[in-house]
Amino acid sequence: MGKKIIAFLTLVMVLGLQVTTLDARQIDDISCSEAIVSLLPCVPFLTGLGPPTPSTSCCEAAQNLNQKADTTQVRRDVCECLKGASIKFGVNSDKTKQLPQLCNLSLSFSFDPSIDCNT
């Protein structure tokens, strides 16, 4: 258990450092970095280092981000941002596909790191 906690804390630190180097372009009223930081509570679930279900704070963060992405263009921008981050951070694609259902999110697509964000 101690090794998992150390691995998780290391991952959070690396994510924090990586977020500062990611594209900081503005996604309407949310930046790419803000979108990624808002989903940090989901990291344990999305990487498979945490419990088999997302935490309440993860689901709340995902729902808040989903509400902010209220136009097609913003959704595309957030999609591209999170797609790049998920590849960079080694997110488990099976977990990304499970997150909307487990958090009761209504999405018109299945999120996958290989998704075409323009469709």
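Cys-81 is buried, with a relative accessible area of 4%, where buried means under 20% relative accessible area, exposed means over 50%, and partly exposed lies in between (1.4 Å probe, protein chains only). Cys-32 likewise counts as buried, at 4% relative accessibility. Cys-32 and Cys-81 form a disulfide, with their sulfur atoms 2.1 Å apart; the term is used here for a pair of cysteine sulfur atoms within 2.5 Å. The pair links distant parts of the chain, since Cys-32 is in helix α2 and Cys-81 is in helix α5, 49 residues apart. The link of Cys-32 and Cys-81 is right-handed, with 90 degrees about the S-S bond.

This is a predicted model, in which local features need pLDDT of at least 70 and side-chain atom pairs count only at pLDDT 80 or more, while totals for chains, interfaces and linings use all residues. Residues are numbered from 1 along each chain as its sequence is written, and side-chain values use heavy atoms, with hydrogens and water left out.

## The other disulfides

A disulfide is a covalent bond between the sulfur atoms of two cysteines. A search of the whole structure finds four disulfides, and when the bonded cysteines are numbered in sequence order, the pairing is 1-6, 2-3, 4-7, 5-8. One of the four joins Cys-42 to Cys-58, with an S to S distance of 2.1 Å. The torsion about the S-S bond of Cys-42 and Cys-58 is about 105 degrees, so this disulfide is right-handed. Because Cys-42 lies in the loop between α2 and α3 and Cys-58 lies in helix α4, the pair ties together parts that are 16 residues apart in sequence. Cys-42 counts as buried at 0% relative accessibility, and Cys-58 counts as buried at 0% as well.

Another disulfide joins Cys-79 to Cys-117, with an S to S distance of 2.0 Å. The torsion about the S-S bond of Cys-79 and Cys-117 is about -70 degrees, so this link is left-handed. Cys-79 lies in helix α5 and Cys-117 in the segment after α6, so the pair ties together parts that are 38 residues apart in sequence. Both Cys-79 and Cys-117 are buried.

## The overall fold

The secondary structure of the protein comes to six helices and two strands, where helices (H or I, at least four residues) and strands (E, at least two) are DSSP runs, numbered from the N terminus. Read along the sequence, these elements follow the pattern α-β-β-α-α-α-α-α. Buried residues make up 39% of the 119 residues in the protein. Among the contacts with a separation of 6 or more, residues 24 or more positions apart account for 67%, and contact means heavy atoms within 4.5 Å.

## The nonpolar core

In soluble globular proteins, nonpolar side chains tend to be buried together. A nonpolar core is a set of buried Ala, Val, Leu, Ile, Met, Phe, Trp, Tyr and Cys residues joined through side-chain atoms within 4.5 Å. Of the 28 residues in the largest nonpolar core, Ile-36, Leu-39, Leu-46, Leu-65, Val-78, Leu-82 and Leu-99 touch the most other members. Helices α2 (32-38), α3, α4 and α5 (72-89) each supply at least two residues of this core, and α5 gives the most to it, with seven residues.

## Helix α6 and Thr-96

In helix α6 (residues 93-102), Lys-95, Thr-96, Leu-99 and Pro-100 are buried. These residues cover an arc of only 140 degrees around the axis, which puts them on the same side of α6; the arc is that of the directions from the helix axis to the C-beta atoms. An α-helix has 3.6 residues a turn, so residues three or four places apart point the same way. The buried residues of α6 pack against α3 (43-47) and α4 (56-68). Asn-92 caps the N-terminal end of α6, with a side-chain oxygen that lies 2.8 Å from the backbone nitrogen of Asp-94. After α6 comes Asn-104, whose phi is positive, near 55 degrees.

Thr-96 is buried, with a relative accessible area of 6%. Not counting residues up to four places away in sequence, Thr-96 touches Leu-46, Val-91, Phe-111, Asp-112 and Pro-113. The C-alpha atoms of Thr-96 and Pro-113, which are 17 residues apart along the chain, are separated by 8.3 Å.

Key. A polar contact is a pair of N or O atoms within 3.5 Å; within protein, one must be able to donate a hydrogen and the other to accept it, and residues adjacent in sequence count only if both atoms are side-chain atoms.
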